[in-house]
Amino acid sequence: MKNILFKLLLIIVLLGLRFSAQASCKITGNLPVYKGAKFHIRNLESALNEYHGNLLDQGIIDENGNFESLLKVSKTGEAILYIDQTFFRLWIGEGSLAISSSGSKLDFKGTLAGENRFLYNAKFMQPYLIPSPLAYKPSQLDEYISKWSSLQDERLKRLEEEKKNGLPADFVSRMRSEILNSTMYAKNQFPSLQGITTDTLPKDYFGFWDGFHILDDDPNQRAYMNALLDYAEFKAKKNHPQAMEDRAMLIRHEVAFLDSILSERPKTLEAIKGELALFLIKYFDDKILLEELIKSFRADYPISPYVTVIDKKWSEKTSRQNKKISFTLRDTSGNEVSTDEFLGKVVYVDFWGSWCKACLEEMPAAAKLREKFEGRDVVFLYLDFYDSKSQWLNAIKLHSINGINLKAEARDLPYFNDFFGVSQGFPRYAVIDRNGILKTTGAPAPSDKSVIEFLEKILKG
């Protein structure tokens, strides 16, 4: 009898564990400014799913601005609430969250209110409201660094204050890492995005990396993973200055450094090498290096979900390259323009849209790039996607996009996806050579200091 009771108790415990693996998270909202808008909630966005994430729920906000969503979650963590063209980073888990607007501000109630109130007040919930590095000028380096140092101090102070009000310890630890790593990443990005060479920076500029720490084996911390990759590049440049001018060699040193510091964090190492491989496939064109990295990753992680995605993206990239490109679209005056008109010239193609913040942030650098090659056999072709005609024309005027502007329509998408892979996301840059042959769908961005050398190489043939 005792054995039977013991077995029944064990079954009850196991069933309880099984069903507690997924908990409920109820999110409600009252946001009148978004009434009638579609919304969806996603989490775990990564290169594995082309940053689309896992869809947790979707619906429509009613005519009064109300919505309700009941999520099934396996653990606490981040999710993204998308409403129309904007998004909000949320903290979800077992419990409830009510979001409401009060004037221009958001208010939060429920068991998850504390975490989300911190995200909002610390400017994590809407990160796009913080000016990007490209919103500054190279001469504003000190101003940019001061801004991020002040933001870090403000965030850390707020976190300590909210900690006293009962924020969970694991959330506090996660946010402290987020604060420090996002600051280091922002400071590291400014010189490269602004084209500032290391020799013109203050001698101790990169001293902030002294505060970088390797964390526990958790690849889902976005700010940490971004900073980790930049930290590896910094250490590779510092330890191997002779590789500064050889991008492929520098990447090899980065990978070797990551292997050395993450040997006891296998999940982080797999994720960061998988993400790096997918990034390089998308934006880099050294076939020898890419095949080497892909072969090595496949050997080290044969059952990794990254392998399938890497093989797919590599196959798509190699099948697109070295094909003859020919298409016809309409310009701002409604006239048809064919790429055949550009034969004999190198064409730098910029895929963009007025809705793409990252695309627009590149436009000041794009203007400088046009000036650099003025009078040369280079055509700067700007292809707009997913805009209405008025949105397109307004954005061209507002951002002074003075190259050749053409607009793609819905019927054109299959061609541009087949040849350029536009479904993989924007911004995207491609180069077509003098013979109309597609050389790359992963050309350097206008703000990338390597773009000038890249175009000079294509010009020389």
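Modeller: Axes are lines fitted to C-alpha atoms, for helices over the stretch in contact, and angles run from 0 to 180 degrees between N-to-C directions. The model is a predicted one, in which local features need pLDDT of at least 70 and side-chain atom pairs pLDDT 80 or more, while totals for chains, interfaces and linings use all residues. Residues are numbered from 1 along each chain as its sequence is written, and side-chain values use heavy atoms, without hydrogens or water.

Biologist: At what angle do H5 and H6 pack, and how far apart are their axes?

Modeller: The angle is about 115°, and the axes lie 8 Å apart. H5 is therefore roughly perpendicular to H6, a term that covers 65 to 115 degrees (under 35 is roughly parallel, over 145 roughly antiparallel, the rest oblique). Helices here are DSSP runs of H or I with at least four residues, and strands are E runs with at least two, numbered from the N terminus.

Biologist: Which residues of H5 meet H6?

Modeller: Among them are Leu-228, Leu-229 and Tyr-231 of H5, which meet H6 residues including Leu-250, Phe-257 and Ile-261. Contact means heavy atoms within 4.5 Å.

Biologist: Why is Asn-54 called partly exposed?

Modeller: Its relative accessibility is 36%, so Asn-54 counts as partly exposed, the class between buried (under 20%) and exposed (over 50%), with a 1.4 Å probe and protein chains only. Asn-54 belongs to strand E3, residues 54-60. Asn-54 lies 5.2 Å from Arg-42, C-alpha to C-alpha, although the two are twelve residues apart in sequence.

Biologist: What makes strands E4 and E8 edge strands?

Modeller: The open sheet has four strands in the order E4-E1-E7-E8, with mixed pairing. E4 (66-73) and E8 (105-109) each have a single partner strand, so one side of each is left without a neighbour in the sheet. From one strand to the next, the twist averages 20°.

Biologist: How do you know that E1 and E7 pair?

Modeller: Pairing requires at least two DSSP bridges, and six bridges join E1 (residues 23-30) to E7 (residues 95-102), which run parallel. Lys-26 stands opposite Ser-96 in E7.

Biologist: What makes a group of residues a nonpolar core?

Modeller: Such a core is a set of buried Ala, Val, Leu, Ile, Met, Phe, Trp, Tyr and Cys residues joined through side-chain atoms within 4.5 Å. The largest has 51 residues, and Tyr-205, Trp-209, Phe-212 and Ile-310 have the most contacts inside it. Elements giving two or more residues to this core include H3 (141-164) and H9 (305-320), while H7 gives the most, with eight. A second, separate core of 47 residues includes Tyr-348 and Phe-380.
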